[in-house]
Amino acid sequence: MLPDLSCPFETLSGLDSDEIQATAYEIFFTSCRSSPGFGGRNAIQFYSSDGDNDSKTSRFKRAVGLRMLKRSLSSRRTNSNNNNNNNPGGAGGVGFSGRRPRRPLTSAEIMREQMKVSEASDNRLRKTLMRTLVGQSGRRAETIILPLELIRHLKPSEFDDSNEYHIWQKRQLKVLEAGLLLHPSNPLDRTNNLAVCLGDIINSSRDKPIDIGKTSETMRNLCHSVVSLAWRSVDGSTTDVCHWADGFPFNVNLYASLLHSVFDLKEETCVLDEVDELLELMKKTWTTLGFNKPMHDLCFTWVLFQQYVRTGQLETDLLSASLTMLTEVANDSKKVDKDPVYVKMLSSVLTSVTVWCEKRLMDYHGSFTTGALEHILPLVFSATRILEEDVPGYTIDRGDVSAGNRVDQYTRSSLQNAFSKMVENGIHVISRKMSFQQVCETLVRLAQETEELAFKEKNSFSLVLKKWHPISAGVAAATLHSCYAALLKEFLTCNSDITNEMLTVLQRADKLEKVLVNMVVEDSVECEDGGKAVVREMVLYDVDSIIVKFLGHSVNGRLKKIKVVLNKAKETETWNPKSKTEPYSQSAVELMKQAREVAVSFFDIPIAISEDLVHEFADGIGEILKDYAAFVGSCGSKQNYIPTLPPLTRCSRDSKLIKLWKKATPCTVASLTPYHLGLGLGLGLGLGLGLEEEGNNTRPSTSRGTQRLYIRLNTLHFIISQLTPLDKCLLSHSSRIIPSQKNHHHAHFEHTRSAILGAAQHVSEVAAYRLMFLDSNSVLYGSLYEGHVVNARISPTLKVLKQNLTLLCAIVTERAQPLAVKEVMRASFEAFLMVLIAGGSARSFTRADHEMIEEDFKHLKQVFGEGVLEGDVVEKEAETVEGVVGLMGKSTEQLVEDFTKLACEASGVGTGQTLPMPPTTGKWSSSDPNTILRVLCHRKDRVANLFLKTTFNLAKRA
């Protein structure tokens, strides 16, 4: 089988084509044994070329349009014998001498020669039939289990040697295995004792022949198993039909091998003139093989088509014959109550044919001549129609499968393949090693070749395709237009300047385009839309659009240069300032320098530029700067530094830690808490971020990581400062800018500026929270008000805070300072607030502490009011903290009353019902039930303790 034409029938395991052919001949001869020439008294003879019969025309060949041979096989055989008259042992024929030069061949002899059966094998077959049919001359062929009879009656002595006999016997056993075990006509349980026995006998013959003697137990078992299996019926009833060679696909492979014998061995593209007689004889095998006329028509259609492919697609008459036979198949397939086996054959054969044809139709320029195309198209369409209408469950994975639509697909695909082959031709290969001028010359020549290909298509293949697709030539022209456009686009993409050579290419492309468009219009005159649909799909490559595309590529090329700097920055930036006078990253300087250089070079192109393209270029730069701003702003989140809220507990008189500390600490140091002595959370000592003093000088606690965040902030403001000069550079060439009809509502870099400001806000926030909750943890959240308020006031915290703000203003540029200081204020206020409502078991407050806390917060506000922030900004941010501080001045009873009222309103619970635990929203305020509850949890008195225990059963602090 050809590798690219899949066989529609399952391959027979263990049997090769020669073995199948030999078995097919044995069945054929047995079925025809009573016919003249196969042992009958009178033989049909085919006369020599001088006789009358040679001039007769074969009915079959006339029906399918096949030409008669100049000489029949019988005539050539007779002539060959004449030539070898004096050479009895010559090659004039198998087993015939020159003593009878004028005797024509019988049908049996023709089949033997066609199927390449030796005279010795033929004689053995004849002897077997004579022995088998002794006294049974009227026995039907389909009741003879031929392989079994051959094994029984042929002895090893009738072969040249034991090895030949062993090979022959193994073939007969494999035939029985295929017909009775592997592909039985009636379903067979493989565990059947008879099947197991037969399988064991066949396996035992692999190494040596089985004993066929009269007393052989193996032979008796073989005969019993084969006969019992062959005469089975589906329902177990008595049957007069022997089933040993009629199972699918065993029978189809055998019959196809017979049908292949109608082709001349010397001229394989030709069918023998004796085909009528041979086909008539082959019908006698139908009862043995379980065949009928529909199966014969389908199988012969496949054999004719297969022979056309096998012989290199040289003889279109074979294709025509396949198409004629397919008409018979179409008629057969319309019959009601089709055999399931036939339906399976029908689906397999027609699917194999259509797959092979459609694959080649996708490249019909390289696969078919015009004459072959005339037969291939109706063959495919007819086969597909049969599959869709007469094969149940057949589906096709395509959209519109109409003939016109499919021809459209074939045309487009084939022209694309033809163009690709033309490009790959040695003359037109475009290589990177070629100079720019050589590439341009090649494209000009290719345009000429494309034009010639379009005219060839129009004057040859399109004349055939028009029967199914009226504007096939127009579709071909549009396809070639698209193919050349793709190559032209690739060429322009690889070049950065417009030159005279490039203009030559564009002019030749423009000429080609006009020819192809005109071809589409001429071919579409009779169409309803005048070919407008095809013309619309042609993306015209006029010079102006090419220039616009070129400028677009130019923009992308320049933007890539800036992206290189951006990518390098992402890999190498360490956020160390360039110098004290330039406290921002070196990568930002390089990025803005590259952006200015690219903006200047953009206008070096000596042509007018549209305003739309300028905006596109500016937006491209802006997107890169936004990407860089996002990179600068990728420094985490403030949530990374905010401590986790401790669980809600109620105050006891003193925690165990405080009690132990009081016992161990003398009264002289009663003003210091364990946290002042380094017994606290240990964050300051562990990270080296605590308050450091040299003598009486307090040093800032700002870590190196926080200082690098300040450099990030400076970097973002540096980029903002460079946007205006960059915008002026783009506007300075306004005389060469073609105004746009579009209304550009925003100036250059407007969105970029907003994105960078957003990143600056984020960096400022992260830096502030890192400063307050990590760097200053030991003097604020880690120690403020621990133990007793009076002993842990805010004064040490303010000293460090002022030093940190001084360092901040020394590092951060003046433009960025207001935002940075404002975020520090927010972070410090939130840290102060968390001390009051989420300070953990080490903190507790009384109502008497309110004044001290209020005074401390007032001092904290003053730190920021004295600096770069305006007073109203500080007061607005302080409102939340002041509201919570105000709660601490209320009596416990009032707090309980306020909490109960707000909690009931928030949850919808009525007065007197069990209060639910209010959710923690993180939005602290004096009107938030959860905030009031946390104030009560830190209130150190009996009333609060009792309320929390009875209402929520909160645990006491450890």
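This is a predicted model: local features need pLDDT of at least 70, side-chain atom pairs count only at pLDDT 80 or more; totals for chains, interfaces and linings use all residues.
**Aromatic pairs in this model**

1. F248 has a partner, F9. At 4% relative accessibility, F9 counts as buried too. A search of the whole structure finds 26 aromatic pairs, and F9 with F248 is one of them: the arrangement is edge-to-face, with 6.4 Å from centre to centre and 90 degrees between the planes.

2. Now find the two rings along the chain. F9 lies in the segment before helix 1 (17-31), while F248 is in the loop between helix 9 (217-230) and helix 10 (250-259), so this pair ties together parts that are 239 residues apart in sequence.

3. Next, have a look at Y785 and F845. Their planes are at 90 degrees and their ring centres are 6.1 Å apart, so this pair is edge-to-face. Distant parts of the chain are linked here: Y785 sits in the loop between helix 30 (750-775) and helix 31 (795-811), and F845 in the loop between helix 32 (817-837) and helix 33 (850-865), 60 residues apart. Both Y785 and F845 are buried.

4. Finally, here is a contact with a charged residue: R843 lies over the face of Y781, at 5.4 Å from the ring centre.

How values were computed. Residues are numbered from 1 along each chain as its sequence is written. Side-chain values use heavy atoms; hydrogens and water are left out. Rings of Phe, Tyr and Trp (its six-membered ring) pair if their centres lie within 6.5 Å; planes under 30 degrees apart count as stacked, over 60 as edge-to-face and the rest as tilted. Helices (H or I, at least four residues) and strands (E, at least two) are DSSP runs, numbered from the N terminus. Buried means under 20% relative accessible area, exposed over 50%, partly exposed in between (1.4 Å probe, protein chains only). A charge sits over a ring if NZ of Lys or CZ of Arg is within 6 Å of the ring centre and within 35 degrees of the ring normal.
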